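Me: I have a model open and I'd like to learn how to read it feature by feature. Could you walk me through it?

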Amino acid sequence: MRILGIDPGLQTTGFGVVDMDGHTLQYVASGTITTTHLARGDLPARLKVLYDGIGELRARYQPDAAAIEIVFVNVNPQSTLLLGQARGACVTALVSCNLSVAEYTPMQMKQAIAGTGRAAKAEVQQMVKRLLQLPGLPGKDAADALGLAITHAHASVATARLQAAGNVARRNTGSYKTGRVI
């Protein structure tokens, strides 16, 4: 199974692609989609770049599933709204490519990758490097995206085992204190 991880951002969206064969994970690609070349006030054009970029990733790497980070609430509500719109463009692009989309909170990803939900970005980068046996550290946004893909790979194995034991279906949502649950 090939998994595309997306770490959404309005200026920089990270992506990571991994192959899962049984319990073995293999790095395929990673990088970023940037909108910094466009005017900050041109939100529709920036969202289009993200949407088109996800479409290009789908065409190039042919993933079987996708994992995306759930937006957390920032101190600045305007930043949260903009990030939510970037995430929406990414989710829409993934769904329009007929990909199943799993969502994970930053804490869930960090717990799965580094063993603690409060891991720093540098710790996530180091663990992604180790888990995928990379020659160097991936960029911060790409490392988070690869971490999301790895998290989904681990979660899909656990979900498959649960489904084999009984009739359990995975919901593609994350966990919040109120509202959405896994």
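Me: Let's start with Thr13: is Thr13 buried or exposed?

Reply: Buried means under 20% relative accessible area, exposed means over 50%, and partly exposed is in between, with a 1.4 Å probe and protein chains only. Thr13 has a relative accessible area of 0%, so Thr13 is buried. Keep in mind that this is a predicted model, where local features need pLDDT of at least 70, side-chain atom pairs count only at pLDDT 80 or more, and totals for chains, interfaces and linings use all residues. Residues are numbered from 1 along each chain as its sequence is written, and side-chain values use heavy atoms, with hydrogens and water left out.

Me: Where does Thr13 lie, and which residues does Thr13 touch?

Reply: Strands (E, at least two residues) and helices (H or I, at least four) are DSSP runs, numbered from the N terminus. Thr13 sits in strand β2, residues 12-21. Contact means heavy atoms within 4.5 Å. Not counting residues up to four places away in sequence, Thr13 touches Ile6, Asp7, Pro8, Gly31, Thr32, Ile33, Leu50 and Cys90.

Me: Which backbone oxygen does the side chain of Thr13 reach?

Reply: A polar contact is a pair of N or O atoms within 3.5 Å; within protein, one must be able to donate a hydrogen and the other to accept it, and residues adjacent in sequence count only if both atoms are side-chain atoms. Here the Thr13 side chain reaches the backbone oxygen of Gly9, at 2.7 Å.

Me: Now the sheet. What is the order of the strands?

Reply: Strands of a sheet pair through backbone hydrogen bonds, either parallel or antiparallel. Two strands count as paired if DSSP finds at least two bridges between them. In this model there is an open sheet of five strands in the order β3-β2-β1-β4-β5, with mixed pairing. β3 and β5 (100-104) stand at the edges with a single partner strand each, so one side of each has no neighbour in the sheet. On average, neighbouring strands are turned by 20° against each other, direction ignored.

Me: How many bridges join β2 to β3?

Reply: There are 10 bridges between β2 and β3, and these strands run antiparallel. Gly14, for instance, has Thr32 in β3 as its bridge partner. The hairpin of β2 and β3 has two residues between the strands, and Gly22 takes a positive phi near 65° there. β1 and β2 also pair in the antiparallel sense, over six bridges, and Leu4 has its bridge partner Val17 in β2. β4 and β5 run parallel, joined by five bridges; the β5 partner of Ala66 is Val101.

Me: What is Ala65 in contact with?

Reply: Ala65 lies in strand β4 and counts as buried at 2% relative accessibility. Leaving aside neighbours within four places in sequence, Ala65 is in contact with Met1, Arg2, Ile3, Leu4, Leu99, Ser100 and His152. Ala65 and Ser100 are 35 residues apart along the chain, yet their C-alpha atoms are separated by 5.2 Å.

Me: Which residues touch the most other members of the largest nonpolar core?

Reply: A nonpolar core is a set of buried Ala, Val, Leu, Ile, Met, Phe, Trp, Tyr and Cys residues joined through side-chain atoms within 4.5 Å. The largest one has 23 residues, and Leu4, Ile6, Phe15, Ile54, Leu57 and Leu94 touch the most other members. β1 (2-7), β2, β3 (24-34), α1 (43-61), β4 (65-69) and α2 (77-96) each supply at least two residues of this core. α1 gives the most, with six residues. Apart from this core lies another, of 20 residues, among them Ile113, Ala119, Ile150 and Ala153.

Me: Last one: how do α1 and α2 cross?

Reply: Two packed helices are described by the angle between their axes and the distance between the axes. Axes are lines fitted to C-alpha atoms, for helices over the stretch in contact, with angles from 0 to 180 degrees between N-to-C directions. The α1 and α2 axes come within 8 Å and cross at roughly 35°. Among the residues that meet are Leu47 and Ile54 in α1, and Ala86 and Cys90 in α2. As for the sheet, α1 lies across β1, β2 and β3, running at about 150° to β3.
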